[in-house]
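Please open the model in your viewer and keep the selection panel at hand. The tour goes from one selection to the next and says what is found at each stop.

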Amino acid sequence: MARDESKRLKPSVIESDKDSFAGLKTITNYAPANPDYAALALGTAEARMLSTQQLEAQAEAALEAARDNAVKAEWDYHNLVLGMKDQVVAQYGRDSNEAQTVGRKKTSEFSARKRKPPTS
C-alpha cells in the first residue's frame, strides 16, 4: 500500500505509536542494528512531534483570534459607512446627488408601482 506522507496521520495511529514507544521503554536490552531506531532517536522524534503539535495549536488559536478581530473590524467599518450614508441623506435629502454619490438610489429613480387590473 502506497503511503502519502503529505497527509496527516489519524490520531489513533499516533496513539498506537505512543503506546508502542512506551512499551519499548520497558525493554532494557533493546539494541537495534540501525541506530536510527534507537530509543534515544525515538524519544527525540516524539519530543519534536509534541513540540510542533503545540506550535500548531498555538498558531491555530492565533489565527482564530486574528479572524475574530478582522470580522469585528469589518463590521465596525460597515456600520460606520451605513451611518455615514444616513447622515448624507439627512443633510442633503433622499433625492440628492450627494446621496447618489455615496451609493444610495435617488427616490426619483424608483419606478412607480404598476397596479394589475382586477381579474374578473
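Which backbone oxygen does the side chain of Ser96 reach? Select Ser96 together with Gly93, and you will find that the side chain of Ser96 reaches the backbone oxygen of Gly93 at 2.9 Å, a polar contact in the sense of a pair of N or O atoms within 3.5 Å, where, within protein, one must be able to donate a hydrogen and the other to accept it, and where residues adjacent in sequence count only if both atoms are side-chain atoms.

Before going further, note that this is a predicted model, in which local features need pLDDT of at least 70 and side-chain atom pairs count only at pLDDT 80 or more, while totals for chains, interfaces and linings use all residues. Residues are numbered from 1 along each chain as its sequence is written, and side-chain values use heavy atoms, with hydrogens and water left out.

Ser96 lies in the loop between α2 and α3 (97–101), helices being DSSP runs of H or I with at least four residues, and strands runs of E with at least two, numbered from the N terminus. With a relative accessible area of 8%, Ser96 is buried (buried is under 20%, exposed over 50%, and partly exposed in between, with a 1.4 Å probe and protein chains only).

Next, select the loop between α1 (11–24) and α2 (39–92), where Tyr30 has its place. Tyr30 is partly exposed at 34% relative accessible area, and together with Ile27 and Tyr37 it forms a nonpolar patch on the surface with about 310 Å² of accessible area.

Finally, show the whole protein, which has three helices and zero strands. Its C-alpha atoms fill a box of roughly 95 × 45 × 20 Å, taken along the principal axes. Buried residues make up 8% of the 120 residues.

Conventions. Patches are made of residues with over 30% relative accessible area and no salt bridge: like charges are joined within 9 Å, nonpolar side chains (Val, Leu, Ile, Met, Phe, Trp, Tyr) within 5 Å. Accessible areas come from the Shrake-Rupley method with a 1.4 Å probe; for residues, only the protein chains shown count as cover. A salt bridge is a side-chain nitrogen of Lys or Arg within 4 Å of a carboxyl oxygen of Asp or Glu.
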